[in-house]
Amino acid sequence: GGVPEWAPGRLRSEWAANLIQKTSTGIMGFQEIQPDQIRTIDKIIGNRFDFWPGNKNGPRAAWQTVAWDSAKWEMVTAENVDLPVLGKTRPHPLVLLRNRETGKQVWLFNIHSSSKKTPERIKERRKALKIQVKVVNKKRKTGVPVVLLGDFNDRTEAFCTIVGQTDLKATIGGKA
């Protein structure tokens, strides 16, 4: 992007792909990823992962993408949840995966909330959190686990709202 102290997007996507190859990562969420970066990552990791939405629905949708190891997981269904971001709405992927070995399913919900501590962005994040809680609780009624991925840009309020108003637990512990 336009941040001079950052390496170019192409190089950062190569670094990300190299990191993915060195780990046993099976599920990932990307925020602010660009279509060319998705192509670069996919090429380097040898088409090992499937992406949603990836480059299927244009750059606006690609911005929030989830990926999974296609040898381990298959997509059952996918949808987008429109959440407020930077004065507009942006689609956020909600994907139901099935493990190829066990048949167990999991929902992935990839979040990227507005940054900055301005009154407008704080209000926007709170509105997004209400929608996220509603979506999580609806999906949890099916008995299928939900995994939230992403960048909430507000650690305490996001944590307390999500953990306090759903049955989800933080992977690193803590109480609302």
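Reader: In which loop does Asn 153 lie?

Author: This is a predicted model, in which local features need pLDDT of at least 70 and side-chain atom pairs count only at pLDDT 80 or more, whereas totals for chains, interfaces and linings use all residues. Residues are numbered from 1 along each chain as its sequence is written, and side-chain values use heavy atoms, with hydrogens and water left out. Helices (H or I, at least four residues) and strands (E, at least two) are DSSP runs, numbered from the N terminus. Asn 153 belongs to the loop between strand S7 (146-151) and helix H5 (155-165).

Reader: Is Asn 153 buried, partly exposed or exposed?

Author: Phi of Asn 153 is positive, near 55 degrees, although the residue is not glycine. Buried means under 20% relative accessible area, exposed means over 50%, and partly exposed lies in between (1.4 Å probe, protein chains only). Asn 153 has a relative accessible area of 27%, and therefore counts as partly exposed.

Reader: What is the phi value of Glu 32?

Author: Glu 32 lies in the loop between strand S1 (27-31) and H2. With 38% relative accessibility, Glu 32 is partly exposed. Its phi is positive in a residue other than glycine, near 60 degrees.

Reader: Which strands stand at the edges of the open sheet?

Author: The open sheet has four strands in the order S4-S5-S6-S7, with mixed pairing. Each edge strand has a single partner, so one of its sides is left without a neighbour in the sheet. The edge strands are S4 (73-85) and S7.

Reader: What is the bridge partner of Thr 77 in S5?

Author: S4 and strand S5 (residues 88-99) run antiparallel and are joined by twelve bridges. In S5, Thr 77 is partnered by Leu 96.

Reader: What angle does the direction of H4 make with that of S4?

Author: Angles run from 0 to 180 degrees between N-to-C directions, and axes are lines fitted to C-alpha atoms, for helices over the stretch in contact. Helix H4 (residues 119-140) packs on the sheet and touches S4, S5, strand S6 (105-112) and S7; contact means heavy atoms within 4.5 Å. The direction of H4 and that of S4 make an angle of about 150 degrees.

Reader: How is H4 placed relative to H5, roughly parallel or roughly antiparallel?

Author: The axes of H4 and H5 are 10 Å apart, and the helices pack at an angle of about 30 degrees. Angles under 35 degrees count as roughly parallel, over 145 as roughly antiparallel, 65 to 115 as roughly perpendicular and the rest as oblique. H4 and H5 are therefore roughly parallel.

Reader: Which residues of H2 meet those of H1?

Author: Helix H1 (residues 9-22) and helix H2 (residues 35-44) pack with their axes 9 Å apart, at an angle of about 35 degrees. On the H1 side, the residues include Gly 9, Arg 10, Ala 16 and Ile 20. They meet H2 through Gln 37, Thr 40, Ile 41 and Ile 44.

Terms used:
Two strands pair if DSSP finds at least two bridges between them.
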